[in-house]
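Thanks for coming. I have one structure to show today, and I will keep to a few local features.

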Amino acid sequence: MGFTKVSQKFVTQVTPERMFKALVLDAHNICPKLMFSSIKSIDFVEGEGEVGTIKQINFTEASPMRYVKHRIDALDKEALSCTYTFIETDADNSLLEKLEYITYDVKFEGYGRGGCICNLTSTYKAKDDIHIKEEDIELGKDRAIGMYEVLEAYLMAHPRAYT
């Protein structure tokens, strides 16, 4: 039973405040609109977005899983940071079956003239006697970066959104 920690950064041309508002505070509205081929909806199972809230991301039929659930563990609107934990999925043979949980720490910081750096640290806690393969982690990293890129493109094309 061990921990694997992976950090990644994504530089955008969008302010940290706008990225935070869209990706953290309003993800349940914007993500299904922008990523309609993979995300059907994001629903609140418990809470309304504050710490302790549980959200369910429902995927389209094209996805290998129907849903995942995550819990918001920390939310700091002034520091533009959020911590959340994936707690459930219906996927067979998924990375989550090998883990007790995955926790994500997300922080948005100013960078350059009007841009930001999105810092994402993922902590994977494996179940007893399970080894996590690098390719399992890489797939999740690629999906996260793809989501950030789609959101950045939308915000660049709509400069008044999330101001």
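This is a predicted model: local features need pLDDT of at least 70, side-chain atom pairs count only at pLDDT 80 or more; totals for chains, interfaces and linings use all residues.

Start with the helices. Helix H1 covers residues 16-25, and helix H2 covers residues 27-34. Their axes are 6 Å apart, and the packing angle is about 85°. Angles from 65 to 115 degrees count as roughly perpendicular, so that is the term for H1 and H2. Which residues of H1 and H2 meet? From H1 there are Ala-22, Leu-23, Val-24 and Leu-25, and from H2 there are Ala-27, His-28 and Ile-30. By class, this contact has 6 nonpolar residues, 1 polar and no charged.

Next, the cavity. Searching the whole structure for cavities of 30 Å³ or more gives 1. The volume of the largest cavity is about 40 Å³. What lines the largest cavity? The lining consists of Gln-8, Lys-9, Phe-10, Cys-118, Leu-120, Ala-144, Ile-145 and Tyr-148. The lining divides into 6 nonpolar residues, 1 polar and 1 charged.

Last, the backbone angles. Leu-80 has a phi near 55°, which is positive although the residue is not glycine. Leu-80 sits in the loop that runs between strand E4 (67-76) and strand E5 (81-89). Is Leu-80 buried or exposed? Its relative accessibility is 9%, so Leu-80 counts as buried. Tyr-162, another residue other than glycine, also has a positive phi, near 60°. Tyr-162 lies in the segment after H3.

That is what I have.

Terms used: Residues are numbered from 1 along each chain as its sequence is written. Side-chain values use heavy atoms; hydrogens and water are left out. Axes are lines fitted to C-alpha atoms, for helices over the stretch in contact, and angles run from 0 to 180 degrees between N-to-C directions. Helices (H or I, at least four residues) and strands (E, at least two) are DSSP runs, numbered from the N terminus. Angles under 35 degrees count as roughly parallel, over 145 as roughly antiparallel, 65 to 115 as roughly perpendicular and the rest as oblique. Contact means heavy atoms within 4.5 Å. Ala, Val, Leu, Ile, Met, Phe, Trp, Tyr, Cys and Pro count as nonpolar, Asp, Glu, Lys and Arg as charged, and the others, Gly among them, as polar. On a 1 Å grid over the protein atoms alone, a cavity is a set of points where a 1.4 Å probe fits but cannot get out, and a pocket is an open set with protein on both sides within 12 Å along at least five of seven lines; lining residues have an atom within 4 Å of a point. Grid points are joined across faces, edges and corners, and a volume is the space filled by probe spheres set on the points. Buried means under 20% relative accessible area, exposed over 50%, partly exposed in between (1.4 Å probe, protein chains only).
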